[in-house]
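Colleague: Can you take me through this one? I'll ask as I go.

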Amino acid sequence: MAPQPPNPLLSLLNDALAETPPGRRVWVALSGGLDSSLLLTLAAQVCHSSGYRLHALHVNHGLQAAAADFEAHCQRLCQHLDVPLTVERVAIESQGEGVEGAARRARYAAFAKYVQPGDTLWLGQHQDDQAETLLLAALRGSGIRGLAGMPYRREWQGIVLLRPWLNVSRQTLADSAHALSLTWCEDPTNRDLAFDRNRLRHDVLPTLTQRWPGAVRSLAQSAGLAGEADALLASYASEELETLTLGPGCLNAAALAALPLPRQRLLIRALCQQLGLPTPPQARLNSLIGQLMASQDAQVLVEWPGVQARVWRRRLYLMTPLAALPDWQVLWNGEPGVSTPLGPLQLRLECDTSQAEPLMLRWRQGGEVLVLPARGRRDLKRLLQESHIPPWERERLIVVMAGERCLGVLQPPANVLWQAVGATFQVHVSG
């Protein structure tokens with residue numbers, strides 16, 4: 001009997017193993033549907049034969065009655081394959097991105113929680129998913145990054161995310177699953193045409209394929225080409241950002257504003273991506289660009305989910321949203337390790353022997369005065385105005401008070417901005 005040709009799906013998984021260093025684990029994101037159930041089944045073959053440790057991760061969103069059935073199927077499949085399974089049950093809280101967006105955010109939070117840096121996580125998306133993603137991006141008016149769809153490989157928080165079957169059709173996966181007599185769970189919401197992706201999957205793509213049989217493959221190929229172009233632009237943007245960077249997450253806003261508008265948009269998006277922040281919607285991006293040359297004393301704040309963009313003194317700052325500060329003050333014995341709302345303070349205070357009043361740590365309230373070495377009495381307000389400390393960071397400074405006497409101004413964990421005569425702060429390095 002003639003030898004059977006190698007299974008192309010297994011070959012793709014063997015290629016994907018090369019992305020995982022020896023000794024690290026391979027994870028499969030297991031939803032319980034056809035794609036991920038097949039992925040785990042074949043991954044068990046290639047990992048066990050190659051000596052790689054394989055784990056599965058199931059996120060139970062609890063959004064439908066069938067969620068318990070999905071979890072139970074994942075338990076049975078992993079037990080049959082002798083693959084350790086981690087289950088994360090989450091409560092979906094939409095923060096303006098809709099249920100699908102909130103569910104995706106919860107999944108990625110689970111990835112970060114369980115998959116260790118250096119490990120690889122395999123995802124079961126395929127060619128049809130890629131075509132749908134491109135169409136959704138085009139209908140939303142997305143730029144080239146959106147049109148690039150899903151990448152085959154992506155590094156995220158030290159984890160390598162891989163989609164080994166991104167160029168494989170849904171039908172090929174279904175044929176393979178049936179040939180293996182594989183069982184899986186059908187998500188009842190997959191037929192709900194109220195969801196945009198389902199509408200594309202069940203109405204739009206079949207119509208396109210009827211007229212153009214290779215439509216799905218062509219759309220996925222276009223997404224791949226857009227991804228190449230996006231990667232090239234990101235490389236150019238990274239080089240240009242180096243010339244504009246004034247500090248972590250901070251750009252020269254005046255120099256940025258002097259560039260052509262398309263380059264401004266590209267560079268701001270690229271900086272967001274470098275910082276691991278969500279890129280801005282078009283309207284928010286245009287609003288930010290329009291305020292890059294605001295007056296020196298203006299405090300521009302433009303926000304979108306997960307990001308605060310600020311312009312001050314012709315500098316652009318991109319950051320995660322700052323949490324509101326609680327009312328707070330605490331007695332301090334001058335030793336390191338005291339807890340603050342900004343983290344533990346890793347400083348020790350040595351004071352002159354005349355100091356008898358208890359030490360208090362608190363936020364700046366206004367009116368504080370320091371007696372500085374060789375500079376005499378200085379108002380803290382004036383010192384801050386003369387500094388390059390942005391206003392939002394000034395609100396998060398901790399002052400050390402001994403009665404009415406200000407001994408120092410600190411930024412946890414160990415940054416001393418000013419210290420008064422007779423007070424010496426020393427950084428404590430824990431052993």
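Colleague: Which residues form one aromatic cluster with Tyr108?
Modeller: Phe111 and Trp156 form that cluster with Tyr108. Rings of Phe, Tyr and Trp (its six-membered ring) pair if their centres lie within 6.5 Å; planes under 30 degrees apart count as stacked, over 60 as edge-to-face and the rest as tilted.

Colleague: Before more of that, what kind of model is it, and how are residues numbered?
Modeller: This is a predicted model, in which local features need pLDDT of at least 70 and side-chain atom pairs count only at pLDDT 80 or more, while totals for chains, interfaces and linings use all residues. Residues are numbered from 1 along each chain as its sequence is written, and side-chain values use heavy atoms, with hydrogens and water left out.

Colleague: Back to the rings. How many aromatic pairs does the count come to?
Modeller: The count by this rule is 5 aromatic pairs.

Colleague: Are Tyr317 and Trp392 buried or exposed?
Modeller: Tyr317 is buried at 9% relative accessible area, and Trp392 is buried at 6%. Buried means under 20% relative accessible area, exposed over 50%, partly exposed in between (1.4 Å probe, protein chains only).

Colleague: What about Trp328 and Trp363?
Modeller: Trp328 and Trp363 form a tilted pair, 5.2 Å centre to centre and 55 degrees between the planes. Trp328 sits in the loop between E11 and strand E12 (329-332) and Trp363 in strand E14 (residues 359-363), so far as sequence goes 35 residues apart. Both Trp328 and Trp363 are buried.

Colleague: Changing topic: which residues touch the most other members of the largest nonpolar core?
Modeller: Leu13, Leu40, Leu54, Trp122 and Trp165 do, in a core of 35 residues. A nonpolar core is a set of buried Ala, Val, Leu, Ile, Met, Phe, Trp, Tyr and Cys residues joined through side-chain atoms within 4.5 Å.

Colleague: Which element gives the most to this core?
Modeller: H2 does, with 9 residues.

Colleague: And what is Trp165 in contact with?
Modeller: Leaving aside neighbours within four places in sequence, the contacts of Trp165 include Leu9, Leu12, Leu13, Asp35, His126 and Leu173. Contact means heavy atoms within 4.5 Å.

Colleague: Where is Arg378, and is Arg378 buried or exposed?
Modeller: Arg378 is in strand E16 (residues 376-379) and counts as buried at 19% relative accessibility. Not counting residues up to four places away in sequence, Arg378 touches Glu368, Val369, Leu370, Leu372, Leu383 and Glu386.

Colleague: Last one: what lines the second largest pocket?
Modeller: Leu342, Glu393, Arg396, Gln411, Pro412, Pro413, Ala414 and Asn415 line that pocket. On a 1 Å grid over the protein atoms alone, a pocket is an open set of points where a 1.4 Å probe fits, with protein on both sides within 12 Å along at least five of seven lines; lining residues have an atom within 4 Å of a point.

Methods: Helix = DSSP H or I, 4+ residues; strand = E, 2+ residues; numbered from the N terminus.
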